[in-house]
Amino acid sequence: FNLQLWNNYFHLAVAFITQDSLQLENFSHAKYNKIQNKYGDMRRLIGFAIRDMWYKLGQNKICFIPGMVGPILEMTLIPEVELRKATIPIFFDMMVCEYQRTGEFKKFENEIILKLDHEVEGGRGDEHYMQLFESILTECACQYPSIFNLVESFVSLVKGLLEKLLDYRTVMNDESKDNRMSCTVNLL
């Protein structure tokens, strides 16, 4: 097992699908359709490959926690529904891996909270992501009764943080200083 090789693979693949030139939702409708018809959405294809390779790591997955949390989060925040549905379960697998090793998933939790703040501040994330994140992780946790309550608490924490971060991002463009200050206080 060559850790550096796998690490390079994941980082390169995430960098590929998050590059600006592949963010189809930023293009005009005509350009979007032209690219879709000619090439399809390459982000989905590479995202599925990342997912498949993640699950092939076996017991070596723990080597990538918390290091790959940020890149995987960046990938799941791409506003493409099928990509999100396919890759958000990687987070649950990360939690299970860390839980089996240490009896908790604090490293994962701390890393995702830290990276989520950075990503939402950078303009990524939306209401739909928050709902999908909650439903997918809750559904995955149903198969693991021993950690269901821990996962439920984590999901609630992330959902609350994401709501506040999205509100904060929205009011930063607001003219009212009172609204901005109120939102900042809520976030803190």
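**Before you start**

Residues are numbered from 1 along each chain as its sequence is written. Because the model is predicted, local features need pLDDT of at least 70 and side-chain atom pairs count only at pLDDT 80 or more, while totals for chains, interfaces and linings use all residues, and side-chain values use heavy atoms, with hydrogens and water left out.

**Stop 1: colour by confidence**

Colour the protein chain by pLDDT, which is the predictor's confidence in each residue, from 0 to 100. The mean over the chain is 90, and 91% of its residues reach 70 or more. Helices here are DSSP runs (H or I, at least four residues), numbered from the N terminus. Confidence is highest in helix H6 (residues 89-102), at a mean of 96, and lowest in helix H10 (residues 177-187), at 64. Where pLDDT is low, the predicted coordinates should not be read in detail.

**Stop 2: Thr 18**

Select Thr 18, which is found in the loop between helix H1 (3-17) and helix H2 (29-39). Is Thr 18 buried or exposed? Thr 18 counts as buried because its relative accessibility is 18%, where buried means under 20% relative accessible area, exposed over 50%, and partly exposed in between (1.4 Å probe, protein chains only). A polar atom of the Thr 18 side chain lies 2.8 Å from the backbone oxygen of Val 14. Not counting residues up to four places away in sequence, Thr 18 touches Gln 23, Glu 74, Met 75 and Ile 78, where contact means heavy atoms within 4.5 Å.

**Stop 3**

Rolling a probe the size of a water molecule over the atoms shows where empty space is left. On a 1 Å grid over the protein atoms alone, a cavity is a set of points where a 1.4 Å probe fits but cannot get out, whereas a pocket is an open set with protein on both sides within 12 Å along at least five of seven lines, and lining residues have an atom within 4 Å of a point. Grid points are joined across faces, edges and corners, and a volume is the space filled by probe spheres set on the points.

The largest pocket holds about 220 Å³ of space. Its lining has 14 residues, and those closest to its centre are Gln 23, Glu 25, Ile 78, Pro 79 and Arg 124. By class, three of the lining residues are nonpolar, five polar and six charged; Ala, Val, Leu, Ile, Met, Phe, Trp, Tyr, Cys and Pro count as nonpolar, Asp, Glu, Lys and Arg as charged, and the others, Gly among them, as polar.

For the largest cavity, of about 30 Å³, select Leu 22, Leu 24, Ile 35, Gly 40, Asp 41, Met 42 and Arg 43, which line it. This lining divides into four nonpolar, one polar and two charged residues.

**Stop 4: Trp 54 and Lys 61**

Move to Trp 54 in helix H3, a residue that is buried, with a relative accessible area of 1%. Leaving aside neighbours within four places in sequence, Trp 54 is in contact with Phe 10, Lys 61, Phe 64, Ile 65, Ile 90, Asp 93 and Met 94. Asp 93 is 39 residues from Trp 54 along the chain, and their C-alpha atoms are separated by 9.4 Å.

Next, select Lys 61, in the loop between H3 and H4, which is buried at a relative accessible area of 9%. With the neighbours within four places again left aside, its contacts are Trp 54, Tyr 55, Asp 93 and Cys 97.

**Stop 5: Pro 66 and helix H7**

Pro 66 is found in the loop between helix H3 (42-55) and helix H4 (69-76), and a cis peptide bond, with omega about 15°, joins Ile 65 and Pro 66. From here, select Glu 111 in helix H7 (residues 106-121), which, beyond its neighbours within four places in sequence, is in contact with Pro 66 and Val 69.

Finally, select Glu 119, also found in helix H7, which counts as buried at 7% relative accessibility. Which side chain makes a polar contact with the side chain of Glu 119? The partner is Arg 124, at 2.9 Å, where a polar contact is a pair of N or O atoms within 3.5 Å; within protein, one must be able to donate a hydrogen and the other to accept it, and residues adjacent in sequence count only if both atoms are side-chain atoms.

Conventions. Helix = DSSP H or I, 4+ residues; strand = E, 2+ residues; numbered from the N terminus.
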